[in-house]
Amino acid sequence: MVCGTRFGTLVILLTVAQSLTNAARQTVDQELSTILEELWKLDKNRFTAGTDYTISLQGKAGYVTQGSTYARDYASKPLFSYVDEVKLENITTYSTFMKLLDNYELATGTAESVTAEEVKENNAFLDAILETEVMKKAHTYLVGKGQARVDKKQFKTDLYEIWFRVYHRDRNGGADSSGFEHVFVGETKFGREIMGLHNWVQFYLQEKAKQLDYKGYKASRNDLPDADDHVVNTQFSWHGLIKPVGSAFVGVSPEFEVAIFTILFLTSTQKSTHAVVNLDEYQLELVVYRHGRSIGTAYPKLLSSNKRHV
């Protein structure tokens, strides 16, 4: 009887400890939530669901291990059934962004050769986003935190270092990766694994080119996504490889993503930074890994939508 009582007490203690751990993990960064909410409201280039684009979520994807080459398809149609391409081409931050998507080698271990034209395109993109209210606000915030230089040209130089500096991700070969390539374009590792590709425009363009096949959404049983959600967790194949779970904002502008992940990168000195934030109707975990002076990866992870966390 004493043994049973002790066992019951142990179970209770472990349950409480787990609850406390989960609560700690869900602690919301209020300051970060506030600045991100301001940036969200300033993002006038964000696309509107049902008007500027339409997604078809279809079925919930199954469990797939990392490195798998097969996943059952729970979505017979693409994720994106419509995107206003005229609008994409006519908004400078999108048009300059899309010019960067074909500048990279797919596989890590293959050295990147950055041409003068590609440097010019990188700078044109940074010039475009720095003219937006989103990036102006992000810059002002970072200056106030003592994490960015006041001069706009110097800030641009720092952004180039954070996002476009080419570094070694694979020990073999030359410098083969960058923060921009990993986060926005995507890359493969050892021909067995998809890394990065956390951007909705690239996702759409790769679907259109028949290089990417959406397998279904990923979500908890009690928090199913909607077609108007601006953050989704997905499963997909790309160049014959499987991404068991990929997460991305949907419809947001390139400047919004650069702004929020730059803020998270510069306001932390940790190798990996995880921050839970409330943004619009969503609760997200924002993740940034650093690679020296540059971003290694950055992505949002949807925790709940439709204000279910409130």
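## Helix α10

P254, E255, F256, E257, V258, A259, I260, F261, T262, I263, L264 and F265 are buried in α10 of this predicted model. That makes 12 of the 13 residues of this helix, so α10 is mostly covered under the 20% relative accessible area cut-off. The helix covers residues 254-266. From its first C-alpha to its last it reaches 18 Å, close to the 18 Å expected at 1.5 Å a residue.

Strand β9 takes in residues 282-291. Strand β10 takes in residues 294-304. The two strands pair in the antiparallel sense, over nine bridges. Within this pairing, Y289 has T297 of β10 as its bridge partner.

Two residues lie between the strands of the hairpin. In the turn, G292 has a positive phi of about 65°. β10 is largely enclosed by the rest of the structure, because nine of its 11 residues are buried.

## Aromatic pairs

The whole structure holds 20 aromatic pairs. One of them joins F249 and F256 edge-to-face, at 5.7 Å centre to centre and 90° between the planes. F249 is buried, with a relative accessible area of 0%. F256, which belongs to α10, is also buried, with a relative accessible area of 0%.

One aromatic cluster is formed by F47, Y53, F80, Y94, W200, F203, Y204 and F236.

## Charges over rings

R290 places its charged end over the ring of F265, 4.1 Å from the ring centre. F265 is among the buried residues of α10. The charged end of R46 sits over the ring of W40, 4.0 Å from its centre.

Technical notes:
Residues numbered from 1 in each chain as written. Predicted model: local features only at pLDDT ≥ 70, side-chain atom pairs only at ≥ 80, totals over all residues. Heavy atoms only, no water. Helix = DSSP H or I, 4+ residues; strand = E, 2+ residues; numbered from the N terminus. Expected span 1.5 Å × (residues − 1). Buried < 20%, exposed > 50% of the residue type's maximum accessible area, 1.4 Å probe, protein only. Pairing = 2+ DSSP bridges. Phe/Tyr/Trp six-rings, centres within 6.5 Å; stacked < 30°, edge-to-face > 60°. Lys NZ or Arg CZ within 6 Å of the ring centre and 35° of its normal.
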